[in-house]
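Subject: Structure for your review

Dear colleague,

Please find below the structure that I am handing over to you.

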Amino acid sequence: MPQLVIASNNTHKINEISQLVEGIELLSLKDIGFSADIPEPYHTFEENALAKASAIYQFSGKNVFADDSGICVYALNGEPGVDSAHYSGERDDEKNLRKVLAGLKGEQDRRAFYKAVICLVWDGEVYYFEGICEGKITEEKRGEGGFGYDPIFIPDGYEQTFAELPLSVKNQISHRGKAVMKMVEWLTPNP
Ligand code: IMP
């Protein structure tokens, strides 16, 4: 079975991705002995995903992919975007989503989308896979599942937030689910 490293320490992301990947042995950063933080200094998802994947490729020489993702709110001019993980100034999901809710107070246009960009380094070549999930921001937090902005995001076509929907449903329609499924199709094409 081919091996592939996930260049992430985010256990939520790793859990979601693991459920979508079959026929490939996923290795964690711990498995390859990498324990440092990987910097994400850029202003696009693509550049940050490439930075993470390249750092791990250089460290291990193994095939690797990185996901860079975030939520973009139309009425906030696309914020938090690439700054989603630390929008409030801290890596704190609760503070970050509170800042989005505060920014949208009294706002009618609550449309937002999640975006994920995967950068795959496979046999030294770089490939990108993207997924987008459109939806809207609630007035208040709802649900206990998921992570990040999931308690305030309702995907189009649903009534529940991502924190209320089962992970199996989130994975079918989410930004990350779509990007991962594209990568898996590329890696394991049907004969
Ligand atoms: P990254 O490590 O820079 O890709 O950070 C992604 C950040 O975007 C996370 O820390 C969350 O704040 C947010 N995010 C991305 N995907 C999701 C998701 O599926 N649910 C909730 N928040 C997400």
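Which pocket is the space taken by the ligand? The ligand takes up the space of the largest pocket. Please bear in mind throughout that this is a predicted model.

I begin with the protein chain as a whole. The protein chain contains five helices and six strands, and read from the N terminus its elements follow the order β-α-β-α-β-α-β-β-β-α-α. With a radius of gyration of 17 Å, close to the 16 Å that the globule rule gives for 191 residues, the protein chain is as compact as a globular protein of that length. Taken along the principal axes, its C-alpha atoms fill a box of roughly 50 × 35 × 25 Å.

I turn next to the surroundings of the ligand. There are 17 residues around the ligand, and Lys13, Glu40, Asp150, Lys170 and Arg176 come nearest. By class, this shell consists of eight charged, five polar and four nonpolar residues. Strand E3 (64-73) and helix H5 (175-187) each supply at least two residues of the shell; the largest share, four residues, comes from E3.

A polar side-chain atom of Asp150 is 2.7 Å from a nitrogen atom of the ligand, while one of Lys170 lies 2.8 Å from a ligand oxygen atom. For Asp68, an N or O atom of the side chain is 3.2 Å from an oxygen atom of the ligand. On its own the ligand has 490 Å² of accessible area, of which the protein covers 95%.

Yours sincerely

Key. Residues numbered from 1 in each chain as written. Predicted model: local features only at pLDDT ≥ 70, side-chain atom pairs only at ≥ 80, totals over all residues. Heavy atoms only, no water. Near = heavy atom within 4 Å. Polar contact = N/O pair within 3.5 Å; in protein donor to acceptor, adjacent residues only side chain to side chain. Areas by Shrake-Rupley, 256 points an atom, 1.4 Å probe, with all protein chains shown as cover. 1 Å grid on protein atoms, 1.4 Å probe; cavity = no way out; pocket = protein on both sides within 12 Å on 5 of 7 lines; lining within 4 Å. Sits in = over half its atoms within 2 Å of the grid points. Nonpolar A, V, L, I, M, F, W, Y, C, P; charged D, E, K, R; others polar. Rg over C-alpha atoms; globule rule 2.2 N^0.38 Å.
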